[in-house]
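Please read it alongside the sequence and the model.

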Amino acid sequence: MTRHTASMLALALACMLSSACQKQETPAAASTPADPSPADATPAAPPAPPVDLELLAQRLVANAAVKEGDAVIISGRTHDAELLENIALHVRQLGAFPMIEYTSDRLAKRMFFDVPAQFDTQAPALDLKLAGVFNVLIAVDNGTSENLFEGADPQRVAARSQAGEAVGQELMKRNVRQVQVGNGLYPTAWRAKRMGMSEADLGKTFWEGVNVDYGALQARGQAVKGALAAGNELHVTHPNGTDYRLRIQGRPVLVSDGIISPEDIKQGGAALQVFLPAGEVYTTPVAGTGEGRIVATRDYFRGQAIDNLAVTVAGGKVTALTGDGPGFAPLKAEFDAVNDPRKNEVSFIDLGINPNVRLPVASQVGNWVPAGTVTMGLGNNTWAGGNNSLAYGVTFFLPGSTVTLDGQVIVDKGELNL
């Protein structure tokens with residue numbers, strides 16, 4: 001799955017399992033215990049965040065550039081009801097029309113395991129109709145568990161992803177403005193443990209990232225964008241064995257700076273997607289370029305660790321996918337089940353620029369937004385300005401990398417030099 005994959009559809013329009021619906025946080029879907037029984041207890045709600053939810057809701061509505069007459073869908077878990085309802089209120093106060101879609105980990109799980117496989121390939125008729133109605137999508141990504149879909153049949157996952165691809169395409173075609181809150185940092189116990197932090201420290205990091213100085217972030221984003229737009233070849237290296245070159249000359253460069261501006265609205269498409277905490281600059285490779293090896297030292301698939309997840313690449317296409325640890329075999333099974341050559345495309349590179357988000361130095365698990373972090377991935381890249389709309393992807397977080405642009409160091413061992 002992918003966070004940036006296609007859109008934030010998975011959260012807002014019931015494509016909860018498909019990685020294509022959102023930017024990918026890990027090599028695949030997150031999620032609850034191995035037993036798929038509907039009797040599983042719902043995890044305890046996370047503690048109240050150290051932030052004014054009223055002000056946050058007001059900010060999100062402003063970030064989405066909501067205006068009078070807009071139709072706005074607001075999606076999230078039931079335990080975030082106060083925030084979702086605050087968002088709806090601020091939407092209506094502008095003369096726009098909100099609709100809240102509540103979900104839960106329990107429902108997401110049952111909608112997969114307890115629905116017959118014969119419906120996996122069914123066209124998402126209702127989602128497509130909704131995609132033609134709403135102008136704005138605001139989604140709060142706060143799943144409370146990471147192995148919710150443990151034991152899911154890879155063929156079923158692939159079938160659902162393929163069926164949902166058209167919805168992401170429709171949202172992009174209609175220039176629906178999309179704001180996602182979470183971005184792989186929403187404070188939960190499982191995510192804090194993964195990153196080597198206490199839940200309280202992760203909560204502090206998350207909200208500091210959300211409350212960044214947006215003016216300064218926009219300025220930094222434009223500086224990094226300008227450098228990439230003027231360059232040609234990127235070279236990414238890391239002591240873990242990553243050594244990868246790609247060309248980006250002439251490719252669009254986009255900035256997720258937390259605000260959908262009038263300029264973004266004029267540009268349309270991928271420029272209308274915001275991921276909070278914000279702070280990323282990303283682009284896509286020139287077709288057919290990309291040589292070398294990409295290695296993620298540590299990641300997880302449905303709660304199971306993967307060590308040294310690696311792809312060998314020639315001509316921008318994967319020639320081998322390898323890894324160690326208990327999470328690799330199920331990841332590889334799901335990758336193999338996707339019967340579409342677009343899954344083999346190394347499709348984006350993403351540089352984090354948010355100075356407020358810092359992960360422990362010893363953490364081997366990365367995230368999109370800390371200043372100086374590097375992320376690359378396979379599959380869907382429409383969120384990054386590309387044309388790969390496959391509803392699937394695999395993401396490689398590469399904290400501590402060094403990046404050169406035409407021979408000049410722009411990221412030095414995880415420190416942003418621009």
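The model is a predicted one.

**Sheets and strand pairs**

An open sheet of 8 strands has the order β12-β11-β10-β6-β5-β16-β17-β18, and its pairing is antiparallel. At its edges stand β12 (317–324) and β18 (415–416), each of which pairs on one side only. Within this order, β16 and β17 are neighbours; Thr 404 has Val 409 in β17 as its bridge partner.

A second open sheet contains 5 strands, ordered β7-β9-β13-β14-β15, and is also paired in the antiparallel sense. Its edge strands are β7 (253–256) and β15 (393–397); each has a single partner strand, so one side of each has no neighbour in the sheet. On average, neighbouring strands of this sheet are turned by 20° against each other, direction ignored. Val 255 has its bridge partner, Val 281, in β9. Helix α9 (residues 214–229) lies across β7, β9 and β13 (346–352) and runs at about 165° to β7.

Strands β1 and β2 pair in the parallel sense. Here Val 72 stands opposite Pro 98 of β2. Together with helix α3 (residues 81–93), β1 and β2 make a right-handed β-α-β unit.

| Strand pair | Residues | Sense | Bridges |
|---|---|---|---|
| β1 and β2 | 71–77 and 97–103 | parallel | 7 bridges |
| β7 and β9 | 253–256 and 280–283 | antiparallel | 4 bridges |
| β16 and β17 | 402–405 and 408–412 | antiparallel | 3 bridges |

**Helix packing**

Two packed helices are described by the angle between their axes and the distance between the axes. By class, the contact of α2 with α3 has 9 nonpolar, 3 polar and 2 charged residues.

How do helix α6 (residues 154–173) and helix α11 (residues 328–337) cross? Their axes come within 8 Å and cross at roughly 50°, so α6 and α11 are oblique to each other. This crossing is right-handed. Pro 154, Gln 155, Val 157 and Ala 158 of α6 make the contact with Ala 333, Glu 334 and Ala 337 of α11. The residues in the contact of α6 with α11 divide into 5 nonpolar, 1 polar and 1 charged.

**Backbone features**

Most residues other than glycine have a negative phi, and most peptide bonds are trans. Two places in the model are worth checking against that background.

Which loop holds Asn 175? Asn 175 lies in the loop between α6 and β4 (177–181). Its phi is positive, at about 55°, although Asn 175 is not a glycine.

The peptide bond from Leu 276 to Pro 277 is cis, with omega near 0°. Pro 277 is placed in the loop between β8 (273–276) and β9.

How values were computed
Residues are numbered from 1 along each chain as its sequence is written. This is a predicted model: local features need pLDDT of at least 70, side-chain atom pairs count only at pLDDT 80 or more; totals for chains, interfaces and linings use all residues. Side-chain values use heavy atoms; hydrogens and water are left out. Two strands pair if DSSP finds at least two bridges between them. Helices (H or I, at least four residues) and strands (E, at least two) are DSSP runs, numbered from the N terminus. A crossover is right-handed if, with the strands pointing away from the viewer, the path from the first strand over the helix to the second runs clockwise. Axes are lines fitted to C-alpha atoms, for helices over the stretch in contact, and angles run from 0 to 180 degrees between N-to-C directions. Contact means heavy atoms within 4.5 Å. Angles under 35 degrees count as roughly parallel, over 145 as roughly antiparallel, 65 to 115 as roughly perpendicular and the rest as oblique. A crossing is left-handed if the near helix is turned anticlockwise from the far one by less than a right angle, and right-handed if clockwise. Ala, Val, Leu, Ile, Met, Phe, Trp, Tyr, Cys and Pro count as nonpolar, Asp, Glu, Lys and Arg as charged, and the others, Gly among them, as polar.
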